[in-house]
Amino acid sequence: MKYLLLILTVCASINLSAQKYFTKTGTTDFKASVEAFEPVEATNKSTTVILDTTNGNIAGLLFVKAFHFEIALMQEHFNENYIDSDKFPKAKFKGSINGFSIDKLSETSRTFILTGSLEVHGKSKPIEIEVSLCKKDSKILLTSMFSVKPEDYGIKIPSIVREKIAKTINITLDYELVEKK
């Protein structure tokens, strides 16, 4: 009887671990450029995302200071003057992919609606965006493009540079999730 219980426990834990996909190297880009001014854009290549394939729940976390700008002074201003990354070091997302089933995924991209809560600069706001998902080899690829407004997250842009930064920030997600073992 003890051996049967041990075998069932091992099988259950193997089954549970196969239900999550994750990445620690997801790419999150943002662009806040305005024509005729320097490009305001950055890339973060260390976004962590976990997807529970049994129910479509998804969570993401990125360290704001990991955004890399081409211009060092712009990166410094972003962290110190706008996003206040010492006080608010992380951006977080928690939500669900509506209608998700791993059985629906193939090598052809399919669009789903992702709903949840995005927290940036200490402010949380509900969002609903389209995501494209496909499964290639043993990986789930997730991509998306959506927009946010700095004022929705309490981010103040000083009037001296207000015309040099877009009123709406374009965010691009590109995540390659692998099975968590």
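Biologist: Is Asp-84 buried, partly exposed or exposed?

Modeller: Start with the cut-offs: buried means under 20% relative accessible area, exposed over 50%, and partly exposed in between (1.4 Å probe, protein chains only). Asp-84 counts as partly exposed because its relative accessibility is 27%. This is a predicted model: local features need pLDDT of at least 70, side-chain atom pairs count only at pLDDT 80 or more, and totals for chains, interfaces and linings use all residues. Residues are numbered from 1 along each chain as its sequence is written, and side-chain values use heavy atoms, with hydrogens and water left out.

Biologist: Where is Asp-84 placed?

Modeller: Helices (H or I, at least four residues) and strands (E, at least two) are DSSP runs, numbered from the N terminus. Asp-84 sits in the loop between α2 (72-82) and β5 (90-98). Its phi is near 55°, a positive value in a residue other than glycine.

Biologist: What is the phi of Asp-137?

Modeller: About 55°, again positive, and Asp-137 is not a glycine. Asp-137 lies in the loop between β7 (123-136) and β8 (139-148). It is exposed, at 73% relative accessible area.

Biologist: Is Thr-47 buried or exposed?

Modeller: Buried, with a relative accessible area of 2%. Thr-47 belongs to strand β2 (residues 41-52).

Biologist: Which side chain makes a polar contact with that of Thr-47?

Modeller: A polar contact is a pair of N or O atoms within 3.5 Å; within protein, one must be able to donate a hydrogen and the other to accept it, and residues adjacent in sequence count only if both atoms are side-chain atoms. Here the partner is Thr-28, at 2.8 Å.
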